[in-house]
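Dear colleague,

I am handing over the structure that I mentioned, and below it I set out what was found. Please read the notes with the structure open beside them.

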Amino acid sequence: MWSPDSWRGREACQQPRWPDAEELKSSESALAAQPPLVFAGEARRLTAELADVAAGRAFLLQAGDCAESFHVTGADAIRDKLKVILQMAVALTYASGVPVVKVGRIAGQFAKPRSREIETVGDVSLEAFRGHIVNDEPFTPAARRPDAARMLTAYHQSASTLNLLRAFTKGGFADLSRVHAWNQEFVEDSAMGQRYAIIADEIERAMAFMRACGIDLSKEASLHEVDFYVSHEALILNYEEALTRQDSLTGDWYDCSAHMLWIGNRTRQLDGAHVEFLRGVQNPLGMKVGVDLAPHETAALCERLNPDNTPGRITLISRMGRDVITDLLPGHIEELRRRGINVVWTCDPMHGNTFTTNGDVKTRRFDDIIAEVRSFFAVHRDLGTWAGGVHLELTGDDVTECLGGGRALSESDLALNYTTMCDPRLNASQSLDLAFQIAELLGDRYGA
Ligand code: TRP
Ligand code: MN
């Protein structure tokens, strides 16, 4: 029997050791009394759109910060992140010829799993920094103390972020002509411009063609608005449980903290608390597939999380590394195919390609990222399956966190503007470089 709190009977990895049970309870009840952030109907619509991805009729672009920060609350960061994702989506939509499902890692991506639960400096040991939904970065007892009231701050920040996203995506900011004009500016300024100009020019011609045919582009709602969904890793189960609601229409349970939730590489134990919680909510689910998961385990997890094999319910996000994806991914695809398990396949080319440089600065090479994406497409082409999407860590800011890209950032550039709270993100121009290169791969897929 599943209930929103049945996970409490299982072992839950990566949870803070909340120091004060009363404090925790009062935050949980305060959260439970708040309105939902998303509605069941929206989550169902996303599942249906992901079912199209699973069937090879759409492509998924899931992207955003590694971790959101309580200190970054203004409109500009949200606007710029959305802008990049929309720019990428236009190129991908044109190149693939199918709808691009747009999902942000945003409006709730506040928790981080850690390789060590405790951090020790000298002879002081403190709780690791687990993201702003739990504690704070400075290495002091006060900052590192898990503070349950932070879950309420996370909720309110998610609500204001989502509110702005809803306004931007329905209020004219996402207008196709406008997003296309931004892409043209990018192409003009880009070192790779020549290559990308071809795609940008074709989009220009497609729009001119529609106008010439008598379609008034300014009157077509679908050209001004986009559906934009939000997602985060379902890590802190007290938070997720408190925002879980029963849909009055269907009687089904939904985790109303986000449209889509994913289960991380460190919390996907078959009998663990995270799998127990997520199997009972009807949101579309992502699951990271790393190098240490065997194909039969992937299959068992899919069966546990999606016993009815509903298309669009499960998105598998492989994060293997550029050198091993070609060896490891086919085994998973074949095992699932053998069992008739229906999933969306997407590629996270970020997390398997992280290394440290300049002492202890985490970074990633643009070339490794694109290499993993290329291999992902090649594996699917060989097996005759649909390379369904990409999952990226990026920001709209001009950061210097990943190496390479059109502007060829070097190791000595990293210090210029390295602001991530956790993993290194692609900056706006690297993200667009990547999108145009993926657009070329998608074009090839159609023999163009
Ligand atoms: N509404 C369509 C879509 O979401 C077309 C569209 C309008 C669009 N504005 C966009 C696509 C911005 C990508 C980016 O696909
Ligand atoms: Mn990350």
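Throughout, helices (H or I, at least four residues) and strands (E, at least two) are DSSP runs, numbered from the N terminus. Please bear in mind that this is a predicted model, in which local features need pLDDT of at least 70 and side-chain atom pairs count only at pLDDT 80 or more, whereas totals for chains, interfaces and linings use all residues. Residues are numbered from 1 along each chain as its sequence is written, chains are lettered from A and ligands numbered from 1 in the order in which they are written, and side-chain values use heavy atoms, with hydrogens and water left out.

Of the 448 residues, 57% count as buried, where buried means under 20% relative accessible area, exposed over 50%, and partly exposed in between (1.4 Å probe, protein chains only). Among contacts (heavy atoms within 4.5 Å) between residues at least 6 apart in sequence, 76% join residues at least 24 apart.

The last pair links distant parts of the chain, with Glu393 in strand β14 (residues 389-393) and Asp423, 30 residues apart from it, in the loop between β14 and α14 (428-445). Glu393 and Asp423 are both buried.

Ligand 1 has around it Leu86, Ala89, Val90, Lys102, Ala174, Leu176, Ser222, Leu223, Glu225 and Val226, a residue being near if one of its heavy atoms lies within 4 Å. As for polar contacts (pairs of N or O atoms within 3.5 Å; within protein, one must be able to donate a hydrogen and the other to accept it, and residues adjacent in sequence count only if both atoms are side-chain atoms), a side-chain N or O atom of Lys102 is 2.8 Å from an oxygen atom of the ligand. A nitrogen atom of ligand 1 lies 2.7 Å from a backbone N or O atom of Ala174, and a polar backbone atom of Glu225 is 2.8 Å from a nitrogen atom of ligand 1.

Two serines may also interest you. Ser69 sits in the loop between β1 (59-64) and α3 (75-96) and counts as buried because its relative accessible area is 9%. The Ser69 side chain reaches the backbone nitrogen of His71 at 2.8 Å, and, neighbours within four places in sequence aside, Ser69 is in contact with Phe110, His132, Gln157 and Met421. Ser231, in strand β5 (residues 228-233), is buried because its relative accessibility is 0%, and its side chain reaches the backbone oxygen of Gly104 at 2.8 Å.
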